[in-house]
Amino acid sequence: ADGINAEYGSSEDMMLLAVFLVGIVSGDYVNIALEGKAGASSVAHGGIASRVNDDNTNGLWSGKSCYHSQSGSSKIMIDLPNWEHGALYPISTINVYNRMDACCEARINNAKVWAGDTMCGEIQY
């Protein structure tokens, strides 16, 4: 895959803590999300997109680890290194770490996770 994204179509704000992509690079399993560039269709409350691939898995908003969208449908993307030159990566695992504050943990429900053009699943919280 050349990147991953999560899409959410709800009137609620989307909260996403962290994404880890485990792929094989030069024979080793690595978190290639760390080298990617995150972007989002909307951002709110200072929850910038780069928080989804910064290796911080603290589940609390105060830990400055969560992405936050505006209300309505939203999309968060991680473009993997050299995607613009056609680089593809074999992805073996996508781990999504959710926000754990009592107010917001269910907001990720029904988010769809994609690797490239392939839908990998829908989050059921």
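A salt bridge here is a side-chain nitrogen of Lys or Arg within 4 Å of a carboxyl oxygen of Asp or Glu, and the structure holds 2 of them. This is a predicted model in which local features need pLDDT of at least 70 and side-chain atom pairs count only at pLDDT 80 or more, while totals for chains, interfaces and linings use all residues. Residues are numbered from 1 along each chain as its sequence is written, and side-chain values use heavy atoms, with hydrogens and water left out.

**Figure 1**
Welcome to the overview. The protein chain has 0 helices and 10 strands (both are DSSP runs numbered from the N terminus, helices being H or I with at least four residues and strands E with at least two). Confidence is given as pLDDT, the predictor's score for each residue from 0 to 100. The chain averages 81, and 82% of the residues score at least 70. Strand β2 (residues 15-16) has the lowest confidence, with a mean of 56, whereas strand β5 (residues 37-40) has the highest, at 92. Of the 125 residues, 40% count as buried (buried is under 20% relative accessible area, exposed is over 50%, and partly exposed lies in between, with a 1.4 Å probe and protein chains only). Among contacts with a separation of 6 or more, 68% are between residues 24 or more positions apart, where contact means heavy atoms within 4.5 Å.

**Figure 1. The salt bridge of Glu-122 and Lys-112.**
The side chains of Glu-122 and Lys-112 meet in a salt bridge at 3.9 Å, N to O. Because Glu-122 lies in strand β10 (residues 118-122) and Lys-112 in strand β9, the pair ties together parts that are 10 residues apart in sequence. Both ends can be looked up by accessibility: Glu-122 is partly exposed at 35%, and Lys-112 is partly exposed at 31%. As a reminder, side chains of opposite charge can pair when their charged atoms come close.

**Figure 2. The salt bridge of Arg-99 and Asp-101.**
Here the side chains of Arg-99 and Asp-101 meet at 2.4 Å, N to O. Arg-99 is buried, and Asp-101 is buried too.

**Figure 3. A disulfide and two further cysteines.**
A search of the whole structure finds 1 disulfide, meaning a pair of cysteine sulfur atoms within 2.5 Å. This bond joins Cys-103 to Cys-104, with 2.3 Å from S to S. The torsion about the S-S bond is about -85°, so the disulfide is left-handed. Cys-103 is exposed, with a relative accessible area of 56%, whereas Cys-104 is buried at 3%. Cys-66 has its closest cysteine sulfur in Cys-104, 8.5 Å away, which is too far for a bond. Cys-66 is itself buried, at 0% relative accessibility. Cys-120 counts as partly exposed, at 47%.

Leu-60, Met-100 and Tyr-125 make a nonpolar surface patch of about 320 Å². Patches are made of residues with over 30% relative accessible area and no salt bridge; like charges are joined within 9 Å, and nonpolar side chains (Val, Leu, Ile, Met, Phe, Trp, Tyr) within 5 Å. Met-100 sits in the loop between β8 (91-97) and β9 (112-115) and is partly exposed, at 47%.

**Figure 4. Two residues with positive phi.**
Take a look at the backbone of His-45, where phi is near 55°, a positive value in a residue other than glycine. His-45 belongs to the loop between β5 and β6 (67-68) and is exposed, at 64% relative accessibility. Asn-82, likewise not a glycine, has a positive phi of about 65°. Asn-82 is found in the loop between β7 and β8 and is partly exposed, with a relative accessible area of 44%.

**Figure 5. Two pairs separated in sequence.**
Asp-79, in strand β7 (residues 74-79), is 46 residues from Ala-33 in sequence and 8.3 Å from it in space, C-alpha to C-alpha. Asp-79 is partly exposed, at 31%. In the second pair, the C-alpha atoms of Gln-70 and Ser-42 are separated by 5.7 Å, although the two are 28 residues apart along the chain. Gln-70 is in the loop between β6 and β7 and is partly exposed, with a relative accessible area of 43%.

Technical notes: Accessible areas come from the Shrake-Rupley method with a 1.4 Å probe; for residues, only the protein chains shown count as cover.
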